[in-house]
Amino acid sequence: MIVGKFVLLLLFSANVAFAQDKTVADSLANDLKKQRTDTGKLKTLSELVFFYATNTPKLSLQFAKEQKTIADKIKIPTFSANALYDLAIANYYLGNYNEALLFNKAALKIREGIGKKALLI
């Protein structure tokens, strides 16, 4: 009897967690569509990269690539470094450790160059 209740609790908890994740994903996707500025898009894309990194790393990588394209277009070093770091995260979760390391090193080089030592993780 106790085991049955425990199993029901687990199933209910998993269902609630999935529903919350879907709500967050939908909210971020809607936020991305509404963004009018490149900086707003970059911030939302970064959130999407981290949201999908562990469960759907291929989608995370797509968002990171889009983020890098926009960052290259606006040519603001902080955003370029963030995009490279997010590419490192996505590649890490895909198991592409060498690529992740290269992107992380590139982000580090930019951050050191602009004096963002607090962002060196």
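The axes of helix α4 (residues 77-94) and helix α5 (residues 97-113) come within 8 Å and cross at roughly 160 degrees. This makes α4 roughly antiparallel to α5, a label for angles over 145 degrees. Helices here are DSSP runs (H or I) of at least four residues, numbered from the N terminus. The structure is a predicted model, in which local features need pLDDT of at least 70, side-chain atom pairs count only at pLDDT 80 or more, and totals for chains, interfaces and linings use all residues. Residues are numbered from 1 along each chain as its sequence is written, and side-chain values use heavy atoms, with hydrogens and water left out.

Contact means heavy atoms within 4.5 Å. Residues of α4 that touch α5 include L84, L87 and Y92, and those on the α5 side include F103, I110 and R111.

A search of the whole structure finds 5 aromatic pairs. Rings of Phe, Tyr and Trp (its six-membered ring) pair if their centres lie within 6.5 Å; planes under 30 degrees apart count as stacked, over 60 as edge-to-face and the rest as tilted. Two of the pairs are tabulated.

| Pair | Centre distance | Plane angle | Class |
|---|---|---|---|
| F51 and Y52 | 5.0 Å | 90 degrees | edge-to-face |
| Y52 and F63 | 5.9 Å | 20 degrees | stacked |

Ring pairs link F51, Y52 and F63 into a cluster. Y52 lies in helix α2 (residues 38-52) and F63 in helix α3, so their pair ties together parts 11 residues apart in sequence. Y52 is buried at 17% relative accessibility, and F63 is buried at 14%, whereas F51, at 24%, is partly exposed. Buried means under 20% relative accessible area, exposed over 50%, and partly exposed in between (1.4 Å probe, protein chains only).

Technical notes:
Axes fitted to C-alpha atoms, helices over the stretch in contact; angles between N-to-C directions. Helix = DSSP H or I, 4+ residues; strand = E, 2+ residues; numbered from the N terminus. Parallel < 35°, antiparallel > 145°, perpendicular 65-115°, else oblique.
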